[in-house]
Amino acid sequence: MGLEIFLNQTWQFPPTATHSRTEDSDAASETELWKAVSVYGTLPRGTLTRPWPSANTGFVLLYYVLSPLSSLTALSLALSASAFPEYRSLAGLSAAEVRAVARTFQATPGAQPAPPPINDTSSKLVFDDAHPFQPDAPGDIRGPCPGLNTLASHGYINRSGVVTPVKSSPRYKKAFLVDGNHLTNLMSIGQKTPETGPDAPAPAIIGGLNTHGAFEGDSSTTRDDFALGSNFLFNETLFDQLSQAAIDFGSNGMLDIPSAAVHRHNRILDSIARNPNFTFVTPRYLTAYAETTFPLAFFVTSQTSDTSLTLDLDVARSFFQTHKFPDNFYRRNGSYGLAEASVIIGEVFAPFPVLPGNNEGVGNYVVDPEDPGFTGHGTCYAYYKQSNLTVALYPDPTDELRAAIAQNLANFYSALGDPTCEQVFPFGQ
Ligand code: HEM
């Protein structure tokens, strides 16, 4: 059964069920790896009480999509590909056998403890001697996210592209729940690979971030829709369209909020017009708008929180296509938390508001009345939906796997930081 089927099913709300290369030098320890997450600037947790700034709607919590780097880390796992030369399934193994397999991977099953908060949010040089750019080596994996690809190409996370999550990132945790390997704590930032460990039985996927419909979705900034082309490779035509929006509507040929909003809307219109399977519902709906703001928030060198959020197109290309920091790149000065992000997302959304929905055939976009999108309890809706999807992927896990998923789901819940959502325990407590 494909992921699309899971995503198209009626979701219960709330659910009733109940490579061997490592990071460069200073990214090798947990402490130093924690620093790696703040390469672009930090995104602290916060309380979502702000009203939506531009539209007269309830505020939606975007927390889980807005804290990508506050919690990403990569451990110095030297996973020997030769230990598992081919895909092996955990199906049919006893709990003891699964434990034995899991032990062969040098990662701790289940969740890792959260690192301490980052206190230093000041601007600093991150394209430094300790983190040289290296083009992908044969076998290195890159995927749809230019932020993670760039971190990997500079060794802030494992250059192989097989990485380990940290629990305090709702964004990472959410992706990990459906794309990662719960027993080995490894996830590919791109294609499926045996380097994340042996597969759990189908319908589990453990496919990495390239997997369409799990975390990756339609209407991306510079990547095609899955139904129309590559959903993870840089697409020159789409980048040209982004550039044209910047030239026509931006600040002196630079990408800014109004021109980014134009491109976001154009991408949605293009998907509606050409993609018969276009799916634009939570969580992809939320992540698409958030990702539109990330280049402005993170790809501008030496940016302070009160600057005008304008991005040079060559710099944009460097991240999106080459996965390389521009020379002398300084991370932003100050955090990009909810206070900042909610305003900018609102400015992207407000000029061209589109409600969550999906195509029923080319050109026939149908709004999903159940999806709160940016209104109401969007966070809880996303959480329950994610829980249901995880249950669908892991309907009958072994005890070992069940415990690991339960832990990761609990970590995802706590990372959301929204006590108004009722916690669910489909894998036990
Ligand atoms: C920490 C965990 C992160 C995860 C799991 C993650 C995952 C992803 C995924 C799966 C996509 C593809 C979405 C799609 O097009 O369907 C994506 C896109 C994107 N990500 Fe990330 N990301 C993370 C952090 C970051 C960071 C730190 C940045 C910026 C510094 C960033 C910037 C972007 C941008 C700009 C896109 C849009 C790319 C495009 O549509 O062309 N991400 N991310």
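1. Helix H6 (residues 236-249) packs with helix H9 (residues 313-322) at an angle of about 155°, their axes 11 Å apart. Axes here are lines fitted to C-alpha atoms, for helices over the stretch in contact, with angles from 0 to 180 degrees between N-to-C directions. H6 is therefore roughly antiparallel to H9, a label for angles over 145 degrees.

2. On the H6 side the contact is made by Phe239, Ser243 and Ala246, and on the H9 side by Leu313, Arg317, Phe320 and Gln321; contact requires C-beta atoms, placed from the backbone, within 7 Å. Sorted by class, that is four nonpolar, two polar and one charged residues.

3. A caution on the source: this is a predicted model, where local features need pLDDT of at least 70 and side-chain atom pairs count only at pLDDT 80 or more, while totals for chains, interfaces and linings use all residues. Residues are numbered from 1 along each chain as its sequence is written.

4. Do look at Asn275, in the loop between helix H7 (257-274) and strand S3 (279-280). Asn275 is buried because 21 other C-beta atoms lie within 10 Å (buried means 20 or more other C-beta atoms within 10 Å of the residue's own, placed from the backbone). Leaving out residues up to four places away in sequence, Asn275 touches Asp218, Asp225, Ala227, Leu228 and Asn359. Asp225 is 50 residues from Asn275 along the chain, yet their C-alpha atoms are separated by 7.5 Å.

5. For the overall picture, 53% of the 429 residues in the protein chain are buried.

Methods: Helix = DSSP H or I, 4+ residues; strand = E, 2+ residues; numbered from the N terminus. Buried ≥ 20, exposed ≤ 12 C-beta atoms within 10 Å, placed from the backbone. Contact = placed C-beta atoms within 7 Å. Parallel < 35°, antiparallel > 145°, perpendicular 65-115°, else oblique. Nonpolar A, V, L, I, M, F, W, Y, C, P; charged D, E, K, R; others polar.
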